[in-house]
Amino acid sequence: MSYSEILSFVQFIHYFTIIIFLTFNITNVLSIYEVGVDYHAFGTNFTETAFLTQYHISNVRSIVLVQLQGIADGGANFVTLDIWFGSEPGKITDEHWLATFPMSAQETTNLNQYAADVASIQSKIDDHPLHLNIALFWLGIADYKIGNLTEGFGSDYLNASEFTARIEKTTDCIITAISNIRCSDGTLLVQTVYLEAEVMIGAKPNQDWFISTHYPRFLNQITVAGFTPAIYFLVDAREE
Ligand SMILES: *[C@@H]1O[C@H](CO)[C@@H](O)[C@H](O)[C@H]1NC(C)=O
Ligand SMILES: *[C@@H]1O[C@H](CO)[C@@H](O)[C@H](O)[C@H]1NC(C)=O
Ligand SMILES: *[C@@H]1O[C@H](CO)[C@@H](O)[C@H](O)[C@H]1NC(C)=O
């Protein structure tokens, strides 16, 4: 090859690389930015209408199915289900927003049915599917901010090993409920599962214990099941 041939070859590679780079970025941008909504209650009164714990009631499920179709037709690509754990196993409560800690068999069945229902939805406008993310919150008897390692954690002061066993059981119930549920296009329905939706480093008691004790197993189990494990951060953005 002559010098000018080498030069034009190098230029060709250069432009070729730029084109690949741009294409990659455009594809990346198109696939990264998606719009979705937090959806966990079918009415304005959250205590009464949070649906996960009551999804076995056929009327609740029918309302949710209609609303999901509306969400997809409105253009959303995903819905995020927030689950607040913290109710005692076996306790009858009308606080429908609070799930059992650990997650109960009924709630696991309900999550499985809800996931299958989300997977069955396709936009009537352009056929796009709806995906699902799940974010976990810990309150009541699961509120790790209460207590400490010697006293136990949560409003019932469960000892650390009991508390951890319940977190693990809850994680496993969620995986059982959502595993292998796919959208009509063959992709996995669930994308991301957040272990803790409001991480505030240093601002919440015991959060370091909670994350360092539970995140490694969560990370592993959720990844093995094919989903993306995550936590997300919350800041108190007041200007003082
Ligand atoms: C929501 O429902 C609960 C339970 O029925 C009730 O106690 C509460 O007052 C209601 N809240 C509002 C704002 O209506
Ligand atoms: C745990 O809390 C109890 C009661 O508030 C306190 O007496 C104890 O010192 C605490 N233990 C640790 C390790 O912080
Ligand atoms: C923790 O609590 C559980 C359930 O109450 C109990 O079975 C277990 O013995 C306790 N473990 C320790 C180390 O206290």
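**Close-up views of a predicted model**

**Helix 4 and helix 5.** Helix 4 makes a right-handed crossing as it passes helix 5 (right-handed means that the near helix is turned clockwise from the far one by less than a right angle, and left-handed that it is turned anticlockwise). This is a predicted model, so local features need pLDDT of at least 70 and side-chain atom pairs count only at pLDDT 80 or more, while totals for chains, interfaces and linings use all residues. Residues are numbered from 1 along each chain as its sequence is written, with chains lettered from A and ligands numbered from 1 in the order in which they are written. Helices (H or I, at least four residues) and strands (E, at least two) are DSSP runs, numbered from the N terminus. The angle between helix 4 and helix 5 is about 35°, and their axes sit 8 Å apart (axes are lines fitted to C-alpha atoms, for helices over the stretch in contact, with angles from 0 to 180 degrees between N-to-C directions). On the helix 4 side, Thr108, Leu111, Asn112 and Ala115 meet Cys173, Ile174, Thr176, Ala177 and Ile178 of helix 5 (contact means C-beta atoms, placed from the backbone, within 7 Å). Sorted by class, that contact has six nonpolar, three polar and no charged residues (Ala, Val, Leu, Ile, Met, Phe, Trp, Tyr, Cys and Pro count as nonpolar, Asp, Glu, Lys and Arg as charged, and the others, Gly among them, as polar).

**Helix 4 on its own has the span you'd expect**.

**Phe210 sits in helix 6 (residues 207-224)**. Phe210 counts as buried because 21 other C-beta atoms lie within 10 Å. Setting aside neighbours within four places in sequence, Phe210 touches Tyr144 and Glu196. Phe210 and Glu196 are 14 residues apart in sequence, with a C-alpha to C-alpha distance of 9.3 Å.

**Two ligand shells.** Asn45, Thr47, Glu48 and Asp94 surround ligand 1 (a residue is near a molecule if its C-beta atom, placed from the backbone, lies within 6 Å of it). That shell around ligand 1 has two polar, two charged and no nonpolar residues. Around ligand 2 you'll find Asn148, Leu149, Thr150 and Glu151, which split into one nonpolar, two polar and one charged.

Most residues other than glycine have a negative phi, and most peptide bonds are trans. Phe101 and Pro102, though, are joined by a cis peptide bond, with omega about 5°; Pro102 is in the loop between strand 3 and helix 4. Asp127 isn't a glycine, yet has a positive phi of about 70°. Look for Asp127 in the loop between helix 4 and strand 4, where it counts as exposed because it has 10 C-beta neighbours inside 10 Å. Asn206, also not a glycine, has a positive phi of about 65°. Asn206 belongs to the loop between strand 7 and helix 6, and is partly exposed, with 17 other C-beta atoms within 10 Å.

Notes:
Buried ≥ 20, exposed ≤ 12 C-beta atoms within 10 Å, placed from the backbone. Contact = placed C-beta atoms within 7 Å. Expected span 1.5 Å × (residues − 1).
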